[in-house]
Amino acid sequence: MRQSPVLALIFWAAAAHAQWEWGAPVDLAVPRAGVFHHVEASGRRNVAVSAGTVAVTWEDNRTGSPHCYLALKAPDANGFREYGFGQGECYEPGVAAIPGGRFALIWEDTHGVGAALADAGGIGPAIALAPRGGEGSLAWSGKYGLHAAWSSPEGRWRRVWRAGLEIHPDGALTVTDKRPADAVPPVDDQLYPVVAATATTLAMAWEDRRNGHTVIYGSASGDGRTWTPPARISTNRTVRVQGVLGRGLGAMRPTLVPYGGNRLAAVWLDKRDFLSGYDVFAALSENGGLAWGANVKAQDSFGDNIAQWHATAAGDSRGDLAIAWDDNRDGTPDVWLTWLKPGGGFADNVAPPPAAGPGSQTDPAMTMDDAGRLYLVWVERGADGATRLRFAVGRPSP
Amino acid sequence: MRLILLPRALALLAMVLAFSPAWADPPKGYPFTDFDTALRHARADHKPIFLYFGRYGCAWCDHTNRVTFVNPDIRRIYSDNYELVYVDAEGGKRLTLPSGERITEADLGSRLGAFATPLFVYMTPEGRIVAKVPGFKTVQDFKDFDRYVRGGYYKTQTLAQFLEGGK
């Protein structure tokens with residue numbers, strides 16, 4: 001969004017849009033020339049809140065090579081406290097909330113796919129989920145405990161896996177029931193899985209290339225043990241006619257978010273309108289991912305003719321659901337937000353004022369607490385290309 | 001025993017590769033490589049870079065491969081004179097930009113402002129973008145783009161100006 005700094009301040013102060021009033025943004029890591037921050041966990045699960053403590057994960061190259069970091073902010077603390085984790089080069093760190101101010105971390109490093117618990121006392125011992133792979137995601141279920149999903153190379157392809165993670169009283173983790181998401185060996189890549197938990201189900205989604213183009217597939221479990229066969233969530237059409245060029249339009253980088261009871265939203269980037277880049281699409285489930293409703297475009301028509309990137313979503317137990325992404329409809333890249341309206345359908349898009357304005361604001365990740373507060377993280381990039389990792393909280397408007 | 005089985009294994013591998021559904025991968029017969037390798041070679045050899053930003057399942061990529069990139073002149077011009085990079089628009093492989101920033105293939109799309117595939121990007125040996133061309137292009141188009149880049153016309157005019165000016 002291009003606007004003068006003065007106008008931006010006036011707008012920001014007054015504007016608090018209909019849904020959230022935003023606090024001032026803060027830097028999560030010290031900006032420095034030549035240091036680049038990345039918020040890119042599978043499903044964009046880089047922010048979590050537990051018992052009022054906020055956790056944010058990212059990767060940056062401040063030491064000269066990519067490493068993973070966690071920042072924690074206790075409810076009564078003035079700022080974040082930072083921890084490093086992973087062995088050697090570390091990528092795509094993700095986080096999930098566990099009750100009691102604790103968190104689970106997942107990442108890719110030189111030892112493969114790692115996971116550990118974290119709290120204000122630091123980061124616990126790491127376990128290896130796989131010797132090779134990445135794109136990890138975690139979810140906590142009050143009924144089924146902690147679950148992980150990731151992808152690993154298997155022969156020519158990558159395959160999506162899931163596992164339960166048992167939490168021991170001393171903070172150690174052990175892997176239970178590690179299985180491929182699809183029992184049938186892959187015939188093409190399975191990528192970027194995400195796992196989520198609703199009141200009574202566990203659900204997964206991932207990018208699947210078995211049809212010759214990318215399609216969002218999903219699977220769910222109503223008992224924590226047996227899972228439905230993988231099935232399409234995205235309805236981007238596969239062309240099977242002999243001689244026709246290409247096999248279909250793309251769909252990528254899914255995320256899943258519960259938003260009360262067994263309601264679950266799947267959100268992804270979708271290329272079915274192939275002339276204007278990716279659009280943000282969503283599908284909703286009333287039964288925790290066992291069945292899905294129609295695919296709907298989440299962005300409004302002002303974003304139709306330009307590309308959207310980095311879609312993410314957050315929900316709460318009250319039924320609130322918000323979706324964010326970045327696009328440059330106002331001239332420069334800003335973070336944009338929509339939400340599910342009480343009567344159904346998605347609201348007109350707004351750019352949260354702290355994450356809009358001159359320069360580039362991209363790569364949002366967010367979570368929502370049970371009071372409907374939105375915790376938003378994004379990457380800000382100035383004209384010199386250097387990045388800042390930013391954080392702001394949006395409180396529901398009265 | 002191993003020696004006896006080897007030819008069969010190789011034949012099986014060839015069949016698997018021949019019949020596997022490689023939808024809109026880079027065109028056959030070209031020395032495409034990854035982004036970081038191409039940038040390193042381009043600097044060392046002072047060659048421009050030709051980046052093919054394609055998508056798995058992309059119909060127009062498939063069409064360009066079958067109609068344009070099969071042309072022997074295009075194969076010779078681009079293989080001999082460019083460092084060739086293929087980037088999967090939805091891929092997660094990591095690459096390092098000239099700035100030193102490490103990003104993924106898919107994120108390169110957001111940095112390039114890509115809205116459709118295929119997208120063809122021409123860069124100097126130092127990695128500076130001098131032209132971006134989306135969509136299906138003919139043999140003559142690629143010959144014109146080559147003359148614009150290797151002829152150094154990009155230093156004084158845009159690609160559109162070059163094309164309008166009678167090439």
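Predicted model: local features only at pLDDT ≥ 70, side-chain atom pairs only at ≥ 80, totals over all residues.
Student: How do helix 4 and helix 6 of chain B pack?

Tutor: Helix 4, residues 72-81 of chain B, packs with helix 6, residues 139-150 of chain B, at an angle of about 25°, and their axes are 10 Å apart. Since angles under 35 degrees count as roughly parallel, these two helices of chain B are therefore roughly parallel to each other.

Student: Is that crossing left-handed or right-handed?

Tutor: The crossing of helix 4 and helix 6 of chain B is left-handed.

Student: Which residues meet there?

Tutor: From helix 4 of chain B come B:Asp73, B:Ile74, B:Ile77, B:Tyr78 and B:Asn81, and they meet B:Val139, B:Phe142, B:Lys143, B:Phe145, B:Asp146 and B:Arg150 of helix 6. Sorted by kind, the residues of this contact are six nonpolar, one polar and four charged.

Student: Switching topic: what's in the largest nonpolar core?

Tutor: That core has 24 residues, and those with the most contacts inside it are B:Phe50, B:Tyr52, B:Phe69, B:Tyr78, B:Tyr122 and B:Phe142. In soluble globular proteins, nonpolar side chains tend to be buried together.

Student: Which elements supply it?

Tutor: At least two residues of this core come from each of strand 1 (49-54), helix 4, strand 2 (83-88), strand 5 (119-123), strand 6 (129-134), helix 6 and helix 7 (159-164) of chain B. Helix 6 of chain B gives the most, with four residues.

Student: What does B:Tyr122 touch, then?

Tutor: If we leave aside the neighbours within four places in sequence, B:Tyr122 is in contact with residues including B:Phe50, B:Tyr78, B:Ile129, B:Val130, B:Phe142 and B:Phe145. There is also another core lying apart, with 23 residues, among them A:Val267, A:Val280, A:Trp325 and A:Leu340.

Student: Why is helix 5 of chain B described as largely enclosed?

Tutor: Helix 5 of chain B spans residues 105-112, and six of its eight residues are buried, so it is largely enclosed by the rest of the structure. The buried ones are B:Glu105, B:Ala106, B:Asp107, B:Leu108, B:Gly109 and B:Leu112.

Student: What comes just after helix 5?

Tutor: Just after helix 5 of chain B sits B:Gly113, which takes a positive phi of about 70°. The loop between helix 5 and strand 5 of chain B also holds B:Pro118, and the peptide bond from B:Thr117 to B:Pro118 is cis, with omega near 0°. Most residues other than glycine have a negative phi, and most peptide bonds are trans.

Student: Now chain A: which way does phi go for A:His310, positive or negative?

Tutor: A:His310 has a positive phi, near 60°, in a residue other than glycine. A:His310 lies in strand 25, residues 309-315 of chain A, and is buried, with a relative accessible area of 10%. A:Asp363 is not a glycine, yet has a positive phi of about 55°, and this residue lies in strand 28, residues 360-368 of chain A. A:Asp363 counts as buried, at 10% relative accessibility.

Student: One more: is A:Ala163 buried or exposed?

Tutor: A:Ala163, in strand 15 (residues 157-167) of chain A, has 1% relative accessibility and so counts as buried. Not counting residues up to four places away in sequence, A:Ala163 touches A:Leu146, A:His147, A:Ala148, A:Trp150, A:Val175, A:Thr176, A:Asp177 and A:Lys178.

Methods. Residues numbered from 1 in each chain as written. Chains lettered and ligands numbered in written order. Heavy atoms only, no water. Axes fitted to C-alpha atoms, helices over the stretch in contact; angles between N-to-C directions. Parallel < 35°, antiparallel > 145°, perpendicular 65-115°, else oblique. Left-handed = near helix turned anticlockwise from the far one by under 90°. Contact = heavy atoms within 4.5 Å. Nonpolar A, V, L, I, M, F, W, Y, C, P; charged D, E, K, R; others polar. Core = buried A, V, L, I, M, F, W, Y, C linked by side-chain atoms within 4.5 Å. Buried < 20%, exposed > 50% of the residue type's maximum accessible area, 1.4 Å probe, protein only.
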